[in-house]
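Have the model open while you read.

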Amino acid sequence: MDFVFSIIFIVVGEKEQIKFVVDCMLGKLAKWMRILGFDVVYFKTANDEEILKLCLNEGRIILTRDRNLFNIAKKSRAFLVKSDQWEEQAKEVIDNYNLWDKISPFSRCLNCNYPLKIIEKSSAKNLVPPFPYETFDEFAVCPECGKTYWPGTHFDVMRLKITKLINDN
């Protein structure tokens, strides 16, 4: 599958089709699933009980490498991730839930998981340092935590990783 990034930020609508909660063993997967545009809750220190409660209360699917947590949760909703590499982990999850056409890169806040909002350049003037403001034309902000995003040098690296992930599928 060939994947082209036609715009920098793609904002997710309010309708989310699948939501995840990721255990502390899968922090890198959680980060990359957010980069790919999926609704992912992640706590570095959450215990199994908290994860199970969140799964049930919010209708989230648990992503875990912990066989004990998986065995407890599988009656509700859980997926046992087998790989120890984030790229393979992401492929496992995306394949299992048939999410390849749901990928929406750079649409969620990496800090708080909230959908990003595209803003006009003029609105970003007081939100970003002078260099990015003068250099870039596209900005997004998280309405929840206020973090501002723009397509800096890190964007190209992430875009290449996403393109490789999708094209290798």
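Let's start with Arg108, which counts as buried because its relative accessibility is 4%; buried means under 20% relative accessible area, exposed over 50%, and partly exposed in between (1.4 Å probe, protein chains only). Arg108 sits in the loop between α4 and β5 (117-119). A polar atom of the Arg108 side chain lies 2.2 Å from the backbone oxygen of Asn113. For reference, a polar contact is a pair of N or O atoms within 3.5 Å; within protein, one must be able to donate a hydrogen and the other to accept it, and residues adjacent in sequence count only if both atoms are side-chain atoms.

A word on the source: this is a predicted model, where local features need pLDDT of at least 70, side-chain atom pairs count only at pLDDT 80 or more, and totals for chains, interfaces and linings use all residues. Residues are numbered from 1 along each chain as its sequence is written, and side-chain values use heavy atoms, with hydrogens and water left out.

Now the overall layout. The chain has seven helices and seven strands; helices (H or I, at least four residues) and strands (E, at least two) are DSSP runs, numbered from the N terminus. Of its 169 residues, 48% count as buried. Taking contacts between residues at least 6 apart in sequence, 55% join residues at least 24 apart, where contact means heavy atoms within 4.5 Å.

The strands form these open sheets (two strands pair if DSSP finds at least two bridges between them):

| Strand order | Number of strands | Pairing |
|---|---|---|
| β2-β1-β3-β4 | four strands | parallel |
| β5-β6-β7 | three strands | antiparallel |

In the parallel sheet, β2-β1-β3-β4, the edge strands are β2 (39-42) and β4 (78-80), each pairing on one side only. Neighbouring strands of this sheet are turned by 25° against each other on average, direction ignored; axes are lines fitted to C-alpha atoms, for helices over the stretch in contact, and angles run from 0 to 180 degrees between N-to-C directions. Strands β1 (residues 19-22) and β3 (residues 61-64) run parallel and are joined by three bridges. Within that pair, Phe20 stands opposite Ile61 in β3. Helix α2 (residues 48-58) packs on the sheet, touching β1, β2 and β3, with its direction at about 175° to that of β1. Helix α4 (residues 86-96) lies across β1, β3 and β4, at about 135° to β4.

Thr64 belongs to strand β3. Buried or exposed, what does Thr64 count as? At 0% relative accessibility, Thr64 counts as buried. Leaving out residues up to four places away in sequence, Thr64 touches Asp23, Leu26, Leu69, Phe70, Phe79, Leu80 and Val81.

Over in the antiparallel sheet, β5 and β6 (residues 139-141) pair over three bridges. Lys117 stands opposite Val141 in β6.

Finally, helix α7 (residues 153-167). The buried residues of α7 are Phe155, Met158, Ile162, Thr163, Leu165 and Ile166. They cover an arc of only 160° around the axis, which puts them on the same side of α7; the arc is that of the directions from the helix axis to the C-beta atoms. These buried residues pack against α1 (27-35) and α4. The face of α7 turned away from its buried side carries the exposed residues Thr153, Leu160 and Lys164.
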